Amino acid sequence: PGTDYGFSIASWVKINSEGINFGPNEEKTIDFEIHIPNNIGPGGYRGAILFGTEPPRMQVQSEDKGAGMAVAQQAATLVLLQVAGDVVEEANIREFNSDKDYYATPFNVDFLIRVENTGTVHIKPRGTISIKNMFGKEVAVVRINDGNGNILPNSIRRFMDIKWGGNNGIGKYTATLGLTYGTEIDAGGQGKSSIVSTKTFWIIPWRIIVPLGLTLIFLFLFLFYLLRVYRNKAVKKAMDRAGVGHLRQAKGHKNGSPALHLTIIIVSSFIVMLLVFMLIYIFFIA
């Protein structure tokens, strides 16, 4: 049995210490007993049971005078024990963060989670990370600690390989970590408790935004040009009706129907707005 001052069950465990022979690919069940002392208070206790192989013996008197080496192996299993009573189950999120604040596309967000157990018993926090876009729509859910990993009393555990990725995304995202831990009251605990933490980050698809921005600038300049042409023609027509005379036009402008220019402006504006709304839907909502 392993030892850990203050929470160790090393002296409580009784197990046969004699050697056990194993054949190739053979499995055996090894029993052990845990005797809890009467003066032990409620809380969490732990230890480890280790098994090791006996290294082969070196024949120092053999005719082979070369160097030799013996190799042995060990395996351990962790034993967690909770004594019922007035225990303290309490935890807090020490850190919930992402490896970056800004991501390009395609993106891969690597979350860092560190949870501290400040209670007197081991806990198994489980939960999810809910990720929402800037419109409040949930776009992903990442599960945490499906393997039921324990956090020992007075220790901090880091949960690894918590990732979320994709090819498309844009704008501000909010990740909310929610964890639940604790033992039911009828099982000797304080009941279930929850802890929550949030983190925001941005996804900016530069490869899409830059060409889109240049396209929109070109379209708006083109619309501005059409508006100027339409204004000049409308003014000229009004001047002609008033009998004031001809208004000199900008070089290169040709006569045409003001109604036709107005139609082109309206259709172009509609196309630009339609493209903008389609892109917003694809990247923000869909």
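I started with burial: buried means under 20% relative accessible area, exposed over 50%, and partly exposed in between, using a 1.4 Å probe and protein chains only. I am working with a predicted model, where local features need pLDDT of at least 70, side-chain atom pairs count only at pLDDT 80 or more, and totals for chains, interfaces and linings use all residues. Residues are numbered from 1 along each chain as its sequence is written, and side-chain values use heavy atoms, with hydrogens and water left out.

**Entry 1: strand 3**

I took strands as DSSP runs (E, at least two residues), numbered from the N terminus. Strand 3 covers residues 43–52, and seven of its 10 residues are buried, so the rest of the structure largely encloses this strand. I then looked up its pairing, where two strands pair if DSSP finds at least two bridges between them. Strand 3 runs antiparallel to strand 4 (residues 74–83), and 10 bridges join them. I noted one of these partners: G52 is bridged to Q74 in strand 4.

**Entry 2: nonpolar cores**

A core here is a set of buried Ala, Val, Leu, Ile, Met, Phe, Trp, Tyr and Cys residues joined through side-chain atoms within 4.5 Å. Which members of the largest core touch the most other members? I found F111, I113, I129, I131, W164 and F201, out of 27 residues. At least two core residues come from each of several strands, including strand 7 (107–117), strand 10 (155–166) and strand 12 (193–203). A second, separate core has eight residues, among them V13, Y45, V79 and V83.

I also listed contacts of I131, taking contact as heavy atoms within 4.5 Å. Leaving out residues up to four places away in sequence, I131 touches F111, W164 and F201, among others.

**Entry 3: aromatic rings**

Rings of Phe, Tyr and Trp (its six-membered ring) pair if their centres lie within 6.5 Å; planes under 30 degrees apart are stacked, over 60 edge-to-face, and the rest tilted. I count eight aromatic pairs by this rule. W12 and Y45 make a tilted pair, because their ring centres are 5.1 Å apart with the planes at 50°. W12 sits in the segment before strand 1 (13–15) and Y45 in strand 3, so this pair ties together parts 33 residues apart in sequence. Both W12 and Y45 are buried.

How are the rings of Y103 and F201 arranged? Their centres are 5.8 Å apart and their planes at 80°, so I logged the pair as edge-to-face. Y103 belongs to strand 6 (residues 102–103) and F201 to strand 12, so parts 98 residues apart in sequence are tied together. Y103 and F201 are both buried. They also belong to one aromatic cluster with F96, F107, F111, W164 and Y173.

**Entry 4: charged side chains**

I counted a salt bridge when a side-chain nitrogen of Lys or Arg is within 4 Å of a carboxyl oxygen of Asp or Glu. My search of the whole structure gave seven salt bridges. In one of them, K28 meets E26 at 3.9 Å, N to O. K28 is partly exposed at 40% relative accessibility, and E26 is partly exposed at 36%.

E116 bridges to R94, with the closest N and O atoms 3.1 Å apart. E116 in strand 7 and R94 in strand 5 are 22 residues apart, so I marked this as a link between distant parts of the chain. 

E116 is buried, at 19% relative accessible area, whereas R94 is partly exposed at 45%.

Key: Helix = DSSP H or I, 4+ residues; strand = E, 2+ residues; numbered from the N terminus.
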